[in-house]
Amino acid sequence: MPGRSASPIPAGLGQLAVARLSAAEEHSSLLDCLATVPDPRRAKGTRHPLTFVLALAACAVLAGASSLTAIAEWAADAPATVLTALGGPNREPSGPTAPAEDTVRRVLQCIDGDALDTAISSWLAARDRDRPPSDQDPLEQPRRSLAVDGKTIRGARRTDGTQVHLLAAMTGTGLVTAQREVDSKTNEITVFRPMLAELDLADTVVTFDALHSQTAHARFLVEEKKAHYIAVIKGNQPLLHRHLKRLPWRDVPLLGRTRATEHGRDEIRRVKTATVTRGLDFPHAAQAVQIVRRRRIVAAGKVTLERVYAVTDLTAEQADAPEIAHRVREHWGIENKIHHVRDTTFAEDASRVRTGTSPRAMAALRNLAIGALRLTGCDNIAAGLRKHGRDATRPLATLGIT
């Protein structure tokens, strides 16, 4: 691998990987999922299988590695039994050997990002506790949640000055089940539909911020994916936003109130909903929502008041005001459970990894580490990483590699 340049990834291989994964068994091992990622290297002279390199990187990140160098160092220190379990080729008499840092770096810099995200997301989705059993009546299943939000990796600034921006979808249990990179010449809107196209969203409530409150997105979710939506409406939909503000909210009774104190903020939310039968120019809209947020910064004592408006295709019988308020609040969990963790625990925004697809690959591996820890019931991700860093066999057990 050292000294060799990676050959271009043939067009369509990322899509082929998606097709293969959709036909895979629900509980494929992580190694099986990673095996669907196409190898961007030339076959001649390749010493370490791609699945082996990716599995090593996954274990290293789960053990706290936050850079390509740290991944290579963890691999170099891993015992032979770990290397063998991860698929390392056994070369007598020395046994399995870890790839050099140059190999790890080259692989992650030219990997098919869509295929890697699909492999990792599929493994996590198959183990999601909110995923309903296949033999359960759909009418008896609680509706799942899926929050869609984007994040810029601020340290990954390219030579042309642009930054890597990723759009992700997170389940209610904090697992990233889809992620796509947003091209620097466009925005998240163009990525929304392709990212969700392969997911089973039947009867799932999809939440998103005002940027994605597009009529095309609403039709796609309801008519094609048989899903539901809660769309926040702001200035990018001026006529609808003005209409919602003018509804007679003073005559609508308060239907829900919640209070929470976290991150140094004391926040009270009051919610009202109103059934609408006409006048809202938004596909399948059945209820209008008003949420009043009163925030107080505990240390400074500063108080702010904000009114947020939304529409949903869920009828009052399908979701009352407290449930809608809960799902809107749950939406911001993607910021706290994924983006905030990647920034504070993995120092993602301070990372200088920026070449090729390596920033996206590292983000995908961090999503895997966070999700794998949450599946074990671990909510303190930093403590979980430290625990896995003390024993090289722990990442294998958590990732189900035996």
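A salt bridge is counted here where a side-chain nitrogen of Lys or Arg lies within 4 Å of a carboxyl oxygen of Asp or Glu. By this rule the structure holds 21 salt bridges. The model is predicted, so local features need pLDDT of at least 70 and side-chain atom pairs count only at pLDDT 80 or more, while totals for chains, interfaces and linings use all residues. Residues are numbered from 1 along each chain as its sequence is written, and side-chain values use heavy atoms, with hydrogens and water left out.

One of these salt bridges joins the side chains of Asp 114 and Arg 180, at 3.5 Å from N to O. Asp 114 belongs to helix H7 (residues 113–125) and Arg 180 to strand E3 (residues 176–182), so the pair ties together parts that are 66 residues apart in sequence. Helices (H or I, at least four residues) and strands (E, at least two) are DSSP runs, numbered from the N terminus.

Two packed helices are described by the angle between their axes and the distance between the axes. Axes are lines fitted to C-alpha atoms, for helices over the stretch in contact, and angles run from 0 to 180 degrees between N-to-C directions. The axes of helix H3 (residues 50–62) and helix H4 (residues 68–77) come within 9 Å and cross at roughly 100°. H3 and H4 are therefore roughly perpendicular to each other, a term for angles of 65 to 115 degrees; those under 35 count as roughly parallel, those over 145 as roughly antiparallel and the rest as oblique. In contact (heavy atoms within 4.5 Å), Leu 56, Ala 57, Cys 59, Ala 60 and Val 61 of H3 meet Ile 71, Trp 74 and Ala 75 of H4. The residues of this contact comprise 8 nonpolar, no polar and no charged. Here Ala, Val, Leu, Ile, Met, Phe, Trp, Tyr, Cys and Pro count as nonpolar, Asp, Glu, Lys and Arg as charged, and the others, Gly among them, as polar.

Helix H13 (residues 358–375) and helix H14 (residues 381–389) pack at about 95°, with their axes 10 Å apart. H13 is therefore roughly perpendicular to H14. On H13 the contact involves Ile 370, Leu 373 and Arg 374, and on H14 Ile 381, Gly 384, Leu 385 and His 388. These residues divide into 4 nonpolar, 2 polar and 1 charged.
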